[in-house]
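Subject: Structure handover

Hello,

Here is the structure you will be taking over. My notes on what was found follow below it.

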Amino acid sequence: MNESLKADVVIAGGGAAGFFAAVTCAEANPLLRVVLLEKSPELLAKVTISGGGRCNVTHACFDPDALCSFYPRGSRELRGPFHKWQPRDTVAWFEIRGVPIKAESDGRMFPVSNKSTDITGALISEAKRLGVNIWTSCGLKTVRNQEGGGFRLVLSNGSELTCEKLMLATGGNQNSSGFDLAASLGHTIVDPVPSLFTFHVDDPRIAGLPGISVPDAVVSVPGTKLKQTGPLLITHWGLSGPAVLKLSAWGGRILCDLDYTFPLQINWVGGQTTGQVTEALRNFRKQQGARTVTGPSPFGLVSRLWGSLCGAAGIEPEVNWATLTAGQLDALPRELCEGEYRVTGKSLFKEEFVTCGGVKLKEVDFRTLESKVCPGLYFGGELLDIDGVTGGFNLQAAWTTGRLAGLAMADETKEATPGRAAG
Ligand SMILES: Cc1cc2nc3c(=O)[nH]c(=O)nc-3n(C[C@H](O)[C@H](O)[C@H](O)COP(=O)(O)OP(=O)(O)OC[C@H]3O[C@@H](n4cnc5c(N)ncnc54)[C@H](O)[C@@H]3O)c2cc1C
């Protein structure tokens, strides 16, 4: 690679956001020299492993305002962008390029083939077709403003590159050099911490029950406003499932401040109150007096979980409904509705994990993703202080911000920069 090369647009980060920006920009203005820098040897590495290798590419939520509600951070800022590029557009983009997309019953969308490589393949062929210069194993090391506009970049291989527009799409990894690069150009970085994780809980009530799930639980953290509903899954090390993952996303920063050690209240019965449950249990006692309490659960709970919760309320397996004591009738609804469990740590959710934190959103113009601090600098993807809950929302944010930044960089650079071509 030659020294002091020139490009019109340089995009640092060959992930979802950077790639989408590069192909959008190159398509919108074919005269531009667009260079995509990727520090690792592999392009789109996260997209390849996303969704367990199936790539949960977006979510079947086609109302931009409703879509925003799935983002603990960034919901306000993404409203305008989602009106310009939303899941329907993402689906159409891939389908036109020969990758049909399907929705699953929970709204998650995947390529029909269930192969993430169809998604990465479409992006890579499109970039090649449009003449994007892709430099792998070539990271952006430092950047400084040039007098009169544009940027001078130093790359990890020692060469220098100048450009008119620069986009940082280096991801949300806590150790990402992208945060330092953005800070060096005047941006504030909101401290990155994990979002989307599962909970470590060592408690006899759920020990030995991995794999059991409850379709409609409510989990909350006493002393905070954190509360989520949805399926709850018992794992070998504690708790997971959509209710926990949503709680971890919305509570990313609070739970970090608590050092991932906090009490968790679980309602196993769809949010029914202790009063409603007590009433239901009394009726059950009248109708089923001769049957053992640890038989079928009146609330449809899996028998091993039901038995364990009955045990926690002091009810022996052979006790029948008619002989339940007042104390047991008092303890069981509390166990079912407001049992407290101690969370002692977290594990990354293998299917998808993201960070909250990143470039401060107030410093970015969300019509174009251009910096308000440093003209000519653009952002996209997880480097921003944006994150969604699990379900395809994080990739959608990357497609949308990448798209808008790509268009803006293409529009504003009216013609190619004279000088030596890059790449
Ligand atoms: C295991 C896993 C599974 C996931 N599954 C899903 C899913 O199914 N659906 C979903 O919506 N989300 C999923 N996510 C989240 C989603 O993948 C990310 O939110 C999304 O990929 C972020 O895209 P990005 O382009 O911002 O960053 P990244 O994909 O992280 O890309 C950033 C790129 O920049 C490169 N880079 C960093 N620094 C430099 C530098 N200085 N110079 C040049 N290059 C640099 C990095 O090597 C990287 O390739 C998953 C995440 C993980 C970890």
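The domain bounds used here come from an automatic or database domain assignment. Please keep in mind that this is a predicted model.

Domains

On that assignment the chain splits into domain 1, made of 5-193 + 351-412, and domain 2, which covers 197-348. Between the C-alpha centres of domain 1 and domain 2 the distance is 40 Å. Domain 1 gives seven residues to the contact, and domain 2 gives nine residues. On the side of domain 1 that touches domain 2, five residues are nonpolar, one is polar and one is charged.

Ligand

There are 39 residues around the ligand, and those that come nearest are Gly13, Gly15, Gly51, Gly171 and Gly381. Four helices each supply two or more residues to this shell: H1 (16-28), H2 (45-49), H7 (177-184) and H13 (393-412). By type, the shell holds 17 polar, 16 nonpolar and six charged residues.

Helix H1 and helix H6

H1, one of the helices that contribute to the ligand shell, also packs with H6 (residues 116-129). Two packed helices are described by the angle between their axes and the distance between the axes. For H1 and H6 the angle is about 35° and the axes are 9 Å apart. The crossing of H1 and H6 is left-handed. Phe19, Ala22 and Val23 make the contact from H1, and Leu123, Glu126 and Ala127 make it from H6. Five of these contact residues are nonpolar, none is polar and one is charged.

Regards

Terms used:
Residues are numbered from 1 along each chain as its sequence is written. This is a predicted model: local features need pLDDT of at least 70, side-chain atom pairs count only at pLDDT 80 or more; totals for chains, interfaces and linings use all residues. A residue is near a molecule or strand if its C-beta atom, placed from the backbone, lies within 6 Å of it. Ala, Val, Leu, Ile, Met, Phe, Trp, Tyr, Cys and Pro count as nonpolar, Asp, Glu, Lys and Arg as charged, and the others, Gly among them, as polar. Two residues are in contact if their C-beta atoms, placed from the backbone, lie within 7 Å. Axes are lines fitted to C-alpha atoms, for helices over the stretch in contact, and angles run from 0 to 180 degrees between N-to-C directions. A crossing is left-handed if the near helix is turned anticlockwise from the far one by less than a right angle, and right-handed if clockwise.
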